Amino acid sequence: MRLFVSEGAPGSLQVLAAAVRARGRAELLITPVGPEECVVPFLTRPKIPVLQLDSGNYLFSTTAICRYFFLLSGWEQDDLTNQWLEWEATELQPALSAALYYLVVQGKKGEDVLGPVWRSLTHIDHSLSRRSCPFLAGETESLADIVLWGALYPLLQDPAYLPEELGALCSWFQTLSIQEPCQQAAEIVLKQQGVLALRPYLQKQPQPGPSKGRAVSNEPEEEELATLSEEEIAMAVTAWERGPGSLPPLRGQQSPVLPVAGERNVLITSALPYVNNVPHLGNIIGCVLSADVFARYSRLRQWNTLYLCGTDEYGTATETKAMEEGLTPQEICDKYHAIHADIYRWFNISFDIFGRTTTPQQTKITQDIFQRLLARGFVLQDTVEQLRCERCARFLADRFVEGVCPFCGFEEARGDQCDKCGKLINATELKNPQCKVCRSCPVVKSSQHLFLDLPKLEKRLEEWLEKTLPGSDWTPNARFIIRSWLRDGLKPRCITRDLKWGTPVPLEGFEDKVFYVWFDATIGYLSITANYTDQWERWWKNPEQVDLYQFMAKDNVPFHGLVFPCSALGAEDNYTLVSHLIATEYLNYEDGKFSKSRGVGVFGDMAQDTGIPADIWRFYLLYIRPEGQDSAFSWTDMLLKNNSELLNNLGNFINRAGMFVSKFFEGCVPEMLLIPDDQRLLAHVTMELRHYHQLLEKVRIRDALRSILTISRHGNQYIQVNEPWKRIKGNEADRQRAGTVTGVAVNIAALLSVMLQPYMPTVSATIQAQLQLPPLACSILLTDFLCTLPAGHHIGTVSPLFQKLENDQIEGLRQRFGGGQLEESLELKAKPSSKAAVGVTVPQQIHMLMDEVTKQGNIVRELKAQKADKNQVAAEVAKLLELKKQLALAEGKPLEPFKGKKKK
């Protein structure tokens, strides 16, 4: 036999690995050829790899060649392997081809590369995890393992693209990669060039279509029902029979919550929201809501948990907002802190502490860290050229400058970072900078400032990351962002600003300056804890006993994963550093971005006025949580998910289970005599429950929600197949069967109420009240499915959990939040009352719209005067026309027809 392979040809990896594995079974000559060489005489185009058999026949399918070598080795075919091979050809290869093309030909990186292939990677990981086997088809390596390994190796051999949170996938890939056949294949095909060896081949391929990656839709991928072993079924039945008596005692509550030796101590933070911005849905899901789910889950696991957040209150933005509203900075902070607290209270966020940064403790701790850094030589002095707005008579904070990114040309880059390419920017580097307050062009002026010497701390940071990242649950985007910073080399970063509203700098000659948020905002977590307990150091100077989880959107990763760790490592005071950095991508609104000023999108203070309960908002935001790539809020999709997943699936099952107990058994759980079908159901529910735990332990919140809905679907199908409403009218055996089905179903409903608690706490409590679930069973979630409602248990009154969302209701909300509503006055909302604010009057609307039209008109005129890009001008003109339309409607005037250019 003769095997023709080519350097850099996809498929050669698999066949070489299979050939080396089968060595000695037949005489084989391996012949390297060029990628353009026509080996098969009857093919008009080159095809590599090719196996020429002794009979003179040719095999030129990669899978067929690999199968031939495996059969030579005595391997026996099986259905599971064939299923994997079909999946590899139809699902994996198209996605992988796109990912490799983006990486090698287009030079893309990070999420642009992982996006198309992410679902395939998670599918492999889930399959390996569920079967608890080292290989795809069982305990031993199969044809499927070699074929999939060879396909994935060019991408995953780079650690940047081997997602560490997919632990089962990583273990499988690494196990195969160190085997001699695979190592030899990689050396021959890639020639130590890595994925770049595929460039000549990939450059000849057509450009792939739109990525079908993680953000194609908000729909989860359906999975097949897993095959169960007899042992798994027996173990599920044994656990079920142990009942509520096997629940451990509830751990005692302490106040304040402090670390306990010998227990798992979990410290959870949400990125501190800036005080004068009302959070929109993207802010809420990116930080506080995601962290709340994990905090609630941690408590269900009986982990000693402290969850904290607060408002970030210092800086130029506060000063500016105070001037606009005629208040002092402290008054503006007090006002908006109350607004934030009220929003999070409505969303049922279970903070142990919701504090703020304008406290003496913030000053004390920040200044102490600074003094320790200064004493150890990690602070530099230098002159800084800053942008100053002469019209506003102040130096501009970086986020109050916008302009064109010097790296990628994005036209709305901020003065500290570009949201498009993610690179850090000094405000003076922006092209065509503008003051965000008055839109005038700022001038450059110099000032003496202090810098954190990040290059001097870089080695310490890298050593800490090398120790922390393996085995941790940092999200892929967080790892990628930090690696990008380190790859480019750290630079000294300014930590002071020419402001009055901030933490004072305790150094002679700098008395008129304050610390910049880059430096002291993350110290807010420490000071907020210090205001909660004077024993705060037991949390924040105790890395040996504390597991720190920090939740944020990806733009906050550099502060938490680099700046604060460098500051803490340089201070040399045994600070607790982040163990698991959980960063989301961005949530968009319909087809665009949230904008308070343009009235686009739902903000936290508005969600309360929609008539949709907080738990429905929580559910939908968590369902579309942007875990791997940007996702989008959609009113239509929200209606569909409420009416299908909540009303028809989850709510329907729980209501039916409870109603059967009430209607057929007088509210008393009937006796249950399990048959094999029931036992298999218990095992499926147990498997899904354990998968839920695996996902939440890895902080894959969106995926874990799917497990709840999957169990509910199992329950609905179980009821439909067994038809207890019919059997209850039959003979004694039928009535017994109806009782068993009803008892099992209502126990599944009880389990779902506990699993649902991190996601929909109010709905969870409602279900538990209806079922009269014992308090201990409400507060602890084990990895086994227990019978917590035994025969004889009396339930309460059962009623529907969810209401249908109607099309006209949703269409009205879409219109309201699609740019037609104005920025509401927050005067009434500043009050602690949770009642909805009264809407503005028509005269107020007209006055506010006239102001908006004037402001937008000024923007358009300035852009035209600057001869700005036509597309940018057109976009701003469109906004102006829309505002004028709204003004005309508010004044009751007829709309003027559009005056376009006449055709000649």
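Trainee: Which members of the largest nonpolar core touch the most other members?

Mentor: Trp617, Trp635, Tyr692 and Tyr759, out of 186 residues in that core. A nonpolar core is a set of buried Ala, Val, Leu, Ile, Met, Phe, Trp, Tyr and Cys residues joined through side-chain atoms within 4.5 Å. Buried means under 20% relative accessible area, exposed over 50%, and partly exposed in between (1.4 Å probe, protein chains only).

Trainee: Which helix gives the largest share of this core?

Mentor: Helix H10, residues 281-300, with 12 residues. Helices (H or I, at least four residues) and strands (E, at least two) are DSSP runs, numbered from the N terminus.

Trainee: What kind of model is this?

Mentor: A predicted one: local features need pLDDT of at least 70 and side-chain atom pairs pLDDT 80 or more, while totals for chains, interfaces and linings use all residues. Residues are numbered from 1 along each chain as its sequence is written, and side-chain values use heavy atoms, leaving out hydrogens and water.

Trainee: Back to Trp635. What is Trp635 in contact with, leaving aside neighbours within four places in sequence?

Mentor: Tyr589, Glu590, Val602, Ile612, Trp617, Ile810, Leu813, Arg814 and Phe817. Contact means heavy atoms within 4.5 Å.

Trainee: Which residues does the second, separate core include?

Mentor: Leu16, Ala18, Leu96 and Leu202 are among its 63 residues.

Trainee: Now the helices. At what angle do the axes of H21 and H22 cross?

Mentor: Roughly 105°, with the axes of H21 (residues 614-623) and H22 (residues 635-665) coming within 10 Å. H21 and H22 are therefore roughly perpendicular to each other. That label covers 65 to 115 degrees; under 35 is roughly parallel, over 145 roughly antiparallel, and the rest oblique. Axes are lines fitted to C-alpha atoms, for helices over the stretch in contact, with angles from 0 to 180 degrees between N-to-C directions.

Trainee: Which residues make the contact?

Mentor: From H21, Ile616, Trp617, Phe619, Tyr620 and Tyr623; from H22, Trp635, Asp637, Met638, Lys641, Asn642, Glu645 and Leu646.

Trainee: Different topic. In what order do the 4 strands of the open sheet run?

Mentor: E9-E8-E13-E14, with antiparallel pairing. Two strands pair if DSSP finds at least two bridges between them. E9 (394-395) and E14 (493-494) stand at the edges with a single partner strand each, so one side of each has no neighbour in the sheet.

Trainee: How many bridges join E8 to E13?

Mentor: 10, between residues 379-389 of E8 and residues 443-452 of E13. Thr383 stands opposite Gln448 in E13.

Trainee: And what is the order in the open sheet of 3 strands?

Mentor: E11-E10-E12, again with antiparallel pairing. E10 (residues 401-404) pairs with E12 over 3 bridges, and Val404 stands opposite Lys431 in E12.

Trainee: What is phi of Asn574?

Mentor: Near 60°, a positive value in a residue other than glycine. Asn574 sits in the loop between helix H19 (557-571) and strand E18 (580-584), and counts as partly exposed because its relative accessibility is 42%.

Trainee: Where is Glu723?

Mentor: In the loop between helix H24 (701-722) and helix H25 (724-727).
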